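User: Please take a close look at the charged side chains in this model and at the aromatic rings that accompany them. I would like the geometry, the placement in the chain and the exposure of each partner, with the criteria stated.

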Amino acid sequence: MSNKITAAITAVGGFVPEDRLTNFDLEKMVDTNDEWIRTRTGISERRILKGPGLATSDMIAPAVKQLCQKRGIDPMEIDCLIVATVTPDMFFPSTANLACDKIGAKNAFGFDLAAACSGFLYALTTGAAFIESGRYKKVVVAGGDKMSAIVDYTDRSTSIIFGDGAAAVLLEPDTNGYGVLDSILKSDGSGCHYLHMKAGGSLRPASIETVTNKQHYIYQEGQAVFKFAVKGMADVSAELLERNNLTGDDIAWLVPHQANKRIIDATAQRMGLSSEKVMLNIQKFGNTTAGTIPLCLWEWENQLKKGDNLVFAAFGGGFTWGATLVKWAYQKN
Ligand code: UT7
């Protein structure tokens with residue numbers, strides 16, 4: 001037992017919408033085919049949040065509610081909710097505020113954090129610092145996106161990749177060395193060119209022209225992003241291992257951002273990890289942006305053992321990228 005406070009993950013909650021958009025559905029919408037999508041990305045289907053009045057907070061709220069039920073706490077006990085997202089319900093108020101209201105987390109302050117696909121790692125590192133400071137006891141870090149709100153379903157290069165979903169983790173103080181142990185976060189704004197949404201912000205406020213020119217959708221130069229992602233995610237994960245004197249043998253699980261199976265394979269290979277140690281659910285959910293990493297934890301929670309070393313790794317729009325080392329703090333079975 002040491003006096004150092006670390007931020008342990010003590011519960012996970014998640015939410016994916018019921019509606020599925022399969023590769024075969026997409027074959028009817030754009031010039032693509034199931035085989036191309038599966039071999040180039042690893043994706044077979046994605047979930048889509050359908051229905052009037054439903055937004056990102058409607059996925060964050062049930063994920064946080066579930067986490068509270070699992071941990072046996074009342075939402076009133078939450079000190080802070082950080083939501084990583086690039087598809088907030090509105091510019092303001094924050095999605096975190098709206099989600100807190102929906103679940104009755106009346107004692108929490110909340111805010112959104114935008115770092116695209118690396119959002120969950122940025123938010124986790126921020127939330128962990130709140131716990132490490134000794135000031136807060138229950139910080140919820142959520143990641144989720146309703147990507148279907150900003151996908152052009154006539155564009156075959158982006159519509160095949162993205163899906164909707166959200167998940168959240170609870171952080172609590174620990175003095176036995178469990179939780180978030182290290183994080184390397186990076187960003188490079190010059191990468192904006194390759195992956196962005198052109199309009200809707202203060203640079204190009206929404207207008208008839210921006211709508212006509214389809215500038216409220218994701219713009220991605222896939223091949224260029226792919227090259228940066230393979231290098232960025234693998235480099236930062238290797239750097240994290242090295243600076244903590246760890247090798248692939250010490251790692252129980254790689255929890256990678258789910259953007260493309262080929263990027264994930266390259267990262268695992270660079271870390272010396274076999275595929276059995278890699279969480280992969282891209283085939284079912286596609287790329288849910290800030291949702292991917294916590295959705296993996298949500299699905300694999302029952303297999304995680306107390307003391308497991310986990311590396312979370314991501315690369316995405318911004319560019320933003322990073323890797324986080326976590327010692328898992330509990331065991332379900
Ligand atoms: O999470 C945020 C960060 N984003 C990423 O990490 C995404 C990184 N990029 C990627 O995952 C890949 O670049 C994509 C999946 C987006 C595209 O895969 P790619 O292997 O880079 O394909 P490409 O863009 O180089 O296109 C190869 C060919 C082209 O045809 P030609 O010019 O060789 O005849 C494309 O027109 O495949 C064609 N193509 C398609 N064919 C069938 C592009 N999209 C499709 C499609 N279906 N959906």
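Analyst: **Charged side chains and aromatic rings**

Arg-71, Lys-138 and Glu-172 are joined in a network of salt bridges (a side-chain nitrogen of Lys or Arg within 4 Å of a carboxyl oxygen of Asp or Glu). The model is predicted, so local features need pLDDT of at least 70 and side-chain atom pairs count only at pLDDT 80 or more, whereas totals for chains, interfaces and linings use all residues. Residues are numbered from 1 along each chain as its sequence is written, and side-chain values use heavy atoms, with hydrogens and water left out.

Across the whole structure, a search finds 14 salt bridges. One of them joins Lys-186 and Glu-239, at 3.3 Å from N to O. This pair links distant parts of the chain: Lys-186 belongs to strand 8 (residues 179-187) and Glu-239 to helix 8, 53 residues apart. Helices (H or I, at least four residues) and strands (E, at least two) are DSSP runs numbered from the N terminus. Lys-186 is partly exposed at a relative accessible area of 29%, and Glu-239 is partly exposed at 33%. Here buried means under 20% relative accessible area, exposed over 50%, and partly exposed in between, with a 1.4 Å probe and protein chains only.

Asp-265 pairs with Lys-261, their closest N and O atoms being 2.9 Å apart. Both residues lie in helix 9 (residues 261-271), four residues apart, or about one turn of the helix. Asp-265 is partly exposed, with 36% relative accessibility, and Lys-261 is likewise partly exposed, at 31%.

Glu-299 and Lys-284 form a further bridge, with closest N and O atoms 2.6 Å apart. Glu-299 lies in helix 11 (residues 292-300) and Lys-284 in helix 10 (residues 282-285), so the pair ties together parts that are 15 residues apart in sequence. Glu-299 is partly exposed at 29% relative accessibility; Lys-284 is partly exposed at 32%.

Arg-47 is buried yet has no salt bridge, and the nearest side chain of opposite charge, Glu-45, is 4.5 Å away (Lys and Arg count as positive, Asp and Glu as negative; His and the chain ends are not counted). The Arg-47 side chain instead reaches the backbone oxygen of Pro-17 at 2.8 Å. This is a polar contact, meaning a pair of N or O atoms within 3.5 Å; within protein, one must be able to donate a hydrogen and the other to accept it, and residues adjacent in sequence count only if both atoms are side-chain atoms. Leaving aside neighbours within four places in sequence, Arg-47 is in contact (heavy atoms within 4.5 Å) with residues including Glu-18, Asp-19, Asp-164 and Lys-284.

Thr-41, in helix 2 (residues 34-41), also has a side chain directed to a backbone oxygen: a polar atom of this side chain lies 2.6 Å from the oxygen of Ile-37. Thr-41 is buried at 5% relative accessibility. Beyond four places in sequence, Thr-41 touches Trp-36, Ile-160, Asn-260, Lys-261 and Ile-282.

A charged group also meets a ring. Lys-198 lies over the face of Tyr-219, at 3.9 Å from the ring centre; a charge sits over a ring if NZ of Lys or CZ of Arg is within 6 Å of the ring centre and within 35 degrees of the ring normal.

As for ring against ring, the structure holds twelve aromatic pairs. Rings of Phe, Tyr and Trp (its six-membered ring) pair if their centres lie within 6.5 Å; planes under 30 degrees apart count as stacked, over 60 as edge-to-face and the rest as tilted. Phe-111 and Phe-130 have ring centres 6.4 Å apart and planes at 80°, so this pair is edge-to-face. Phe-111 in strand 5 (residues 109-113) and Phe-130 in helix 5 (residues 119-132) are 19 residues apart, and their pairing links distant parts of the chain. Phe-111 is partly exposed at 25% relative accessible area, as is Phe-130 at 23%.

The rings of Phe-228 and Phe-319 have centres 4.9 Å apart and planes at 45°, so the pair is tilted. Phe-228 lies in helix 8 (residues 222-243) and Phe-319 in the loop between strand 12 (309-316) and strand 13 (320-327), so the pair ties together parts 91 residues apart in sequence. Phe-228 is partly exposed at 40% relative accessibility, whereas Phe-319 is buried at 3%.
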